Amino acid sequence: MLPKRFRIEFLGRRRKFITLLGGAALALPGLGRAQERARRIAALIAYTEDNAEVQRWVAAFHEGLQKLGWVEGGNLHIDHRWGGTDMNTLQSLAKEIVATKPDVIFSSGSPTTRILKQETSTIPIVFGNVVDPVGEGFVASLARPGGNITGFVNLEPSVAGKYVELLKEIAPRVSRVAIFYNPATAPYHEIYLNPFNAAARSLGLVPIVAPIHDLAELETVMATQAREPNTGLIAMPDGFVSENYREIAALAARYKLPAVYPVLAVAHAGGLLAYSNDIGDNYRRAAAYVDRILKGEKPSDLPVQFPVKFELVVNLKAAKALGLDVPPLLEQRADEVIE
């Protein structure tokens, strides 16, 4: 048996060794306390997965999360559901999402947010691009949303008047202007119509309101308007335009109608002129709200945010095909000129 002095020294060293071993165990994955679980985000997107422009927006959302320390496959899992513009499909996907009980739901816009609101009042929802969140009943107020929903807004109603002014500037001979939208994807359409009508009349233009439900109806509208001389088009801010931007640009070119668009991608696809907030920037900023909610903040306390980045894109090639001379001042104001 060891002398008493040696037994005390041995026991002291043993306690120190056990303490150090315990600390190492806590520092190693899988040892000590369990690793914190990966958080789960579900994204309901009212576009098809092959939409290159929307993929750019979603990539911005992912980049925003990554910069905040969220790593897919590590501490974060994202479940994407692509529903297109079919309301029945979106409704079914929303039910599936809510049933999985994610930590946060990211909603692409108005149709998805409206459907998700019907499915849950508890799971936090962050929308990336909504026109009128108060009018559509998503939030109580912009400053204090008050429920489980918050996010980022799109273009305000007065932009419809600006579109008319831009159309008259780039195509000064127009005397008639038609605005088109899809009521299913733009339930807020009324808020844009008054500024549109007022601006058209102030510039001596005949305003025409043209609701459509699909590309076939839009082609009928364009064909009808093309029969009248000096007619121009305006696309209302609407997910329908974002989903079908290539087809819409091609139709306007076929019927030789000067048009102004609320989606920058239309100008890149051959459209005449586009003015919009950068929706990708909205999605990137939405990542910060998702981060704050995952860290414990409530959507009810996060004010709805306005866009901060706007761009004007002019397509000179499209203007030439329409026989238009782009005013030098308009070209100078453009953030991007496509030649």
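This is a predicted model: local features need pLDDT of at least 70, side-chain atom pairs count only at pLDDT 80 or more; totals for chains, interfaces and linings use all residues.
Residues are numbered from 1 along each chain as its sequence is written. Local features need pLDDT of at least 70.

**Exercise 1.** Describe how helix α7 packs on helix α9.

Step 1. Locate the helices, which are DSSP runs of H or I, at least four residues, numbered from the N terminus. α7 covers residues 215-226 and α9 covers residues 245-254.

Step 2. Take the axes, lines fitted to C-alpha atoms over the stretch in contact, with angles from 0 to 180 degrees between N-to-C directions. They come within 10 Å and cross at roughly 25°. That makes α7 roughly parallel to α9 (angles under 35 degrees).

Step 3. List the contacts (heavy atoms within 4.5 Å). L215, L218, E219 and M222 in α7 meet E247, I248, L251, A252 and R254 in α9. These residues divide into 6 nonpolar, no polar and 3 charged. Here Leu, Ile, Met and Ala are among the nonpolar types, and Glu and Arg among the charged ones.

**Exercise 2.** Work out the strand order of the open sheet and place the helices that lie across β4.

Step 1. Trace the pairing (at least two DSSP bridges between two strands). Strands are E runs of at least two residues. The order of the 5 strands is β2-β1-β3-β4-β5, with parallel pairing.

Step 2. Find the edges. β2 (76-82) and β5 (149-153) each pair on one side only. Neighbouring strands are turned by 20° against each other on average, direction ignored.

Step 3. Inspect one pair. 3 bridges join β3 (residues 104-107) to β4 (residues 125-130). S107 stands opposite F127 in β4.

Step 4. α4 (residues 110-119) lies across β1, β3, β4 and β5, at about 150° to β4. α11 (residues 279-294) lies across β1, β2, β3, β4 and β5, at about 165° to β4.

Conventions:
Side-chain values use heavy atoms; hydrogens and water are left out. Angles under 35 degrees count as roughly parallel, over 145 as roughly antiparallel, 65 to 115 as roughly perpendicular and the rest as oblique.
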